[in-house]
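Hi,

Here is the structure I promised to pass along.

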Amino acid sequence: AVIWLSGLGIPESYLTACVQTTCRMHNWPLDKSENYTVVTKITDASTVTENLASGCYVQGLYLMGADWDIENDCLGIQKPKVLVVELPLLQVIPIESSKLKLQGTFRTPVYVTEARRNAMGVGMVFEADLASQEHQSHWVLQGVALCLNTDE
């Protein structure tokens, strides 16, 4: 299933439900499970025809402070005068925390808006794992983040 998280009032609840459903299917402890993400090469949500066994695809995420290199499947240097780029579909995969080995990734915060908070002061929805060939500090200094809604 492809979900547009921006259309939900509380997007965290959908992601939590994905983890809970997968934990029930596999008899995993809920408190020792989390979401892992992979950026796919799929740019058009209408081309997705099959449902995933667990997890979901997320569309409508916007990358700030960097560019997405679709050929190398990793973060790239931001192009001049391009502040925000749309990310291809993001696959959210519930996994047991003990089996999660993150190398060559940057845990990117996902915010509701470009202001990194909404009207109620709530900001971060979850953290996405984006592949990277640079050290994490490079992306932190660039202010890299994902957002569900743009100001455009």
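Below is what turned up, from the overall fold down to a few side chains.

First, the ground rules: this is a predicted model, with local features needing pLDDT of at least 70 and side-chain atom pairs counting only at pLDDT 80 or more, while totals for chains, interfaces and linings use all residues. Numbering starts from 1 along each chain as its sequence is written, and side-chain values use heavy atoms, with hydrogens and water left out.

**Overall fold**

The protein has two helices and eleven strands (DSSP runs, numbered from the N terminus: H or I of at least four residues for helices, E of at least two for strands). Starting at the N terminus, the order is β-α-β-β-β-β-β-β-β-β-β-α-β. The radius of gyration is 15 Å, which agrees with the value near 15 Å for a compact globule of 152 residues (taken over C-alpha atoms; the rule is 2.2 Å times the number of residues to the power 0.38). Along the principal axes, the C-alpha atoms fill a box of roughly 50 × 35 × 35 Å.

Of the 152 residues, 43% are buried (under 20% relative accessible area; exposed is over 50%, partly exposed in between, with a 1.4 Å probe and protein chains only). Looking at contacts (heavy atoms within 4.5 Å) between residues at least 6 apart in sequence, 72% join residues at least 24 apart.

**Gln91**

Gln91 sits in strand S8 (residues 90-96) and is buried, at 18% relative accessibility. Leaving aside residues up to four places away in sequence, Gln91 touches Tyr36, Thr37, Val38, Thr40, Leu52, Cys56 and Tyr57.

**Salt bridges**

How many salt bridges does a search of the whole structure find? There are six (a side-chain nitrogen of Lys or Arg within 4 Å of a carboxyl oxygen of Asp or Glu).

One of them pairs Lys99 with Glu96, with the closest N and O atoms 3.1 Å apart. Lys99 is exposed at 55%, whereas Glu96 is buried at 15%.

Arg107 has two partners to look at. Its bridge with Glu127 has a closest N to O distance of 3.5 Å. Glu127 is in strand S10 (residues 124-131) and Arg107 in strand S9 (residues 105-111), so this pair ties together parts 20 residues apart in sequence. The bridge from Arg107 to Asp129 comes in at 3.2 Å, N to O. Shared partners join Glu34, Arg107, Glu127 and Asp129 into one network. Within it, Asp129 is buried at 2%, while Arg107 is partly exposed at 25%, as is Glu127 at 33%.

Cheers
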